Amino acid sequence: MKIAGNSYLVSPSLPDFHGCSPGWSSAFYGAECFDSEVHNYMKNLGKQKSSESQNIDAKKVELEQLLTMETKNYRKTIKFYQKLLQKERRSKGPETKSMLPKLRGQLQEMKSKVQFLELVKKYMQAKQWGVESCVLPTVIHNGRTDTVDVAPTDEPSLLLYYNTEKQQCNNQNGIRVLQAGTPLGLMAYLYSRNAFLEGYVQQFLYTFRYFCTQEEFLQFLLDRISSTLSSASLDPSTSLTKICNRSFYILQAWIEDCYSVDFATNTDLLCTLKEFISSKVAPLNGYGERLLSLLEDVSARKSGSAHQYSSMDRCEEEGEEDRKTLHSLCKKLSEDVSRKASLHIFFLQNFNWKLCKGMETIAQYQRERLYTISSVLPKPCYNSFTEEFPVSFAKADEVGPYLLIEYSEVFHKCHPVHFLNSRALGVKDKCVAVQKPVSTETVSFKVCNLFLSKCIQDQYLLQLLRNADSISTWVAAEIVTCHTSKLQVSLLSKSLLIAKCCYEQRNFATAMQILAGLENLIVRQLPAWKILPAKVAEIMEELKAVEVFLKSDSLCLMEGERFKTLPTIPSAHVLAMHVQQLETGGFTMTNGAHKWTKLRNIAKVVSQVHAFQENPYTYTPDFKLQSYLRQRITHFKDADISALAADNCANFHQIPAEKHSRKIQDALRRMKATFQ
């Protein structure tokens with residue numbers, strides 16, 4: 001690319017433009033994200049013969065061609081699979097049934113291959129533009145207007161490492177591991193040759209707010225771009241070229257991954273970035289126009305899901321349809337195995353507890369319905385809030401999805417950063433959230449605020465927790481307003497079955513919300529619990545065991561491979577408590593350096609939010625019922641459960657009339673005897 005002064009700048013190529021963000025897997029797995037198979041595949045790319053030398057440009061071309069071809073074939077096969085499914089539903093011919101299992105196997109193989117090629121592409125991008133550790137002081141001094149103190153000049157004063165045993169994993173010695181660093185040193189380490197490969201870049205983007213503000217980080221990047229943009233040469237091996245291009249890559253990764261939490265909530269930060277790109281970058285480099293276009297794109301997508309999709313799913317309208325098809329396919333493939341057997345194995349292997357045998361007769365859920373849930377509900381249920389609660393008429397596995405839809409819409413807009421520093425928002429254990437919206441304005445950020453004072457924090461987590469709290473309150477309110485013990489038993493049973501259905505479908509958020517409603521102090525004292533069937537009552541203990549399991553390990557839902565193919569929604573409050581536990585203790589060492597090992601662990605835990613968002617649930621919504629449930633939840637979200645329970649005699653233990661009359665007669669007889 002030619003620029004003023006007949007000099008040239010090597011900027012990222014078009015195929016790389018949409019893939020700078022390392023993604024959640026980089027933060028979660030770290031260096032283990034790229035195994036030996038990826039390394040070996042990368043070596044053989046771009047070589048026609050084994051004796052030929054490696055060529056990075058040839059590798060890029062061959063990889064793009066393979067990825068395009070495999071993705072195209074994968075989409076064609078998905079469309080063919082859809083047609084077969086429709087044909088099988090209409091005719092149910094034996095030929096179609098025999099083809100579907102084979103085609104599913106082919107789709108799984110094709111999907112795995114596309115994902116592997118995407119991983120290789122990430123690895124190729126991660127190896128570009130990094131510098132050796134000895135060059136990091138040069139990175140620091142290339143900034144002319146640093147907002148951070150630049151007095152230290154040597155690497156040991158900026159970064160602290162600890163030694164580990166030599167490892168052969170990932171073709172790296174693994175001798176030095178970053179332990180701590182000053183804010184300036186941690187920002188400079190982004191330019192290290194292995195920063196992307198180690199997962200450091202993504203972990204930094206999740207956690208940098210603990211030691212520097214968004215303005216300081218942006219200024220650090222812009223200063224490096226300003227000082228190297230005009231000096232960068234065509235030779236990609238020079239330090240200035242590497243620093244310049246790595247700055248662009250980090251900036252783009254930040255925009256792609258954290259726009260909703262940093263730029264969308266801070267107009268001054270966004271204006272500073274746009275002004276710099278327009279005035280300093282765009283006149284000299286076509287990459288500036290790409291960054292401006294990227295800012296417009298992510299701004300337009302802000303109302304949608306906050307997570308990033310893979311390149312095989314990002315092809316405008318066609319890609320959007322393919323995403324829905326892909327997630328539907330994953331769900332369909334996971335349901336082909338017997339539901340009961342898979343769940344039993346799942347809990348025995350992953351949850352390490354034994355399911356009650358009596359529960360096997362309860363969870364007989366039909367997986368495919370020819371009718372909507374509204375067709376089995378009486379019409380009067382939609383007319384008034386005073387009508388009987390419709391859940392008691394519907395089946396558990398039908399109501400659960402619609403409660404999930406209500407929560408998943410909110411969950412898929414959240415970001416891992418939202419779960420950081422939640423103490424400053426007033427989130428505490430045993431207190432799900434600040435219950436009323438007006439009280440959120442009075443939350444003091446001076447108390448327990450772990451972010452820097454000038455760091456702007458998005459309060460979206462409060463909205464997520466209030467949504468969960470409203471469902472718990474709604475469940476409790478519906479139960480205590482039932483006018484007879486028989487109706488209360490019916491609704492308690494249905495609520496327990498719905499919660500069981502939810503956690504079996506890995507919707508742990510709704511399951512824990514229902515459990516919180518059932519464990520309300522007023523609800524737990526209802527007489528209806530004593531006449532609840534024993535098999536149904538055992539589900540309550542099962543739910544408590546699930547809660548203990550979720551609280552026992554911050555990464556329990558990331559065990560195995562199921563989270564990669566099956567949709568999962570974690571409990572937001574439980575996840576926030578895990579992060580708070582990791583945040584406990586000091587973030588700095590005695591020399592003032594920030595503990596990177598602590599920040600890395602926090603980044604690993606919150607990264608699972610993006611992991612779960614990659615596999616959304618695919619339920620066909622019944623808008624009529626969904627609207628009704630939303631109205632009921634809104635109606636009871638701020639309800640006083642004790643006041644509602646006081647107006648209903650079914651909530652109190654009744655003393656039989658004869659026994660009550662006999663007590664009065666005995667009392668009068670004793671009083672009469674005292675006067676004789």
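These legends go with a set of close-up views of one predicted model.

The model is predicted, so local features need pLDDT of at least 70 and side-chain atom pairs count only at pLDDT 80 or more, while totals for chains, interfaces and linings use all residues. Residues are numbered from 1 along each chain as its sequence is written, and side-chain values use heavy atoms, with hydrogens and water left out.

**View 1. The whole protein, before zooming in.**
The protein has 27 helices and 3 strands. Both kinds of element are DSSP runs numbered from the N terminus: helices are H or I over at least four residues, and strands are E over at least two. Of the 676 residues, 51% are buried; here buried means under 20% relative accessible area, exposed means over 50%, and partly exposed is in between, using a 1.4 Å probe and protein chains only. Take the contacts (heavy atoms within 4.5 Å) with a separation of 6 or more: 77% of them join residues 24 or more positions apart.

**View 2. Helices α17 and α18 side by side.**
Here α17 (residues 485-504) packs on α18 (residues 508-518) at about 155 degrees, and their axes are 7 Å apart. That angle makes the two roughly antiparallel. For the terms: axes are lines fitted to C-alpha atoms, for helices over the stretch in contact, and angles run from 0 to 180 degrees between N-to-C directions. Angles under 35 degrees count as roughly parallel, over 145 as roughly antiparallel, 65 to 115 as roughly perpendicular, and the rest as oblique. The crossing of α17 and α18 is left-handed, as the term applies when the near helix is turned anticlockwise from the far one by less than a right angle (clockwise would be right-handed). On the α17 side look for L492, S495, L496, I498, A499, C502 and Y503, which meet F508, T510, A511, I514 and L518 of α18. By class, this contact has 10 nonpolar, 2 polar and no charged residues. The classes are simple: Ala, Val, Leu, Ile, Met, Phe, Trp, Tyr, Cys and Pro are nonpolar, Asp, Glu, Lys and Arg are charged, and the others, Gly among them, are polar.

**View 3. R506 in the loop between α17 and α18.**
R506 sits in the loop between these two helices. Its phi is near 65 degrees, a positive value in a residue other than glycine. With a relative accessibility of 4%, R506 counts as buried.

**View 4. Helices α11 and α12.**
The axes of α11 (residues 267-281) and α12 (residues 287-300) come within 9 Å and cross at roughly 155 degrees. So α11 is roughly antiparallel to α12. This crossing is left-handed. L270, L273, K274, I277, S278 and V281 from α11 meet G288, L291, L292 and L295 from α12. Sorted by class, the contact has 7 nonpolar, 2 polar and 1 charged residues.

**View 5. Helices α22 and α23.**
In this pair, α22 (residues 572-583) and α23 (residues 596-606) pack at about 175 degrees, with their axes 10 Å apart. The two are therefore roughly antiparallel to each other. L575, V579, L582 and E583 in α22 meet K598, N601, I602, V605 and V606 in α23. The contact divides into 6 nonpolar, 1 polar and 2 charged residues.

**View 6. S554 and its contacts.**
S554 lies in the loop between α20 (534-552) and α21 (562-565) and, at 18% relative accessibility, counts as buried. Setting aside neighbours within four places in sequence, S554 contacts H578, V605 and Q608. H578 is 24 residues away along the chain, yet its C-alpha atom is 5.7 Å from that of S554.

In α8 (residues 200-207), 8 of the 8 residues are buried. S192 is in the loop between α7 (183-188) and α8, and is buried too, at 5% relative accessible area. Not counting residues up to four places away in sequence, S192 touches G130, V131, L136 and R246.

**View 7. N421 in a loop.**
N421 is in the loop between α15 (396-411) and α16 (460-480). Its phi, near 55 degrees, is positive in a residue other than glycine. At 0% relative accessibility, N421 counts as buried.

C244 counts as buried at 0% relative accessibility, and C556 counts as buried at 9%. The protein has 0 disulfides when a disulfide is taken as a pair of cysteine sulfur atoms within 2.5 Å.
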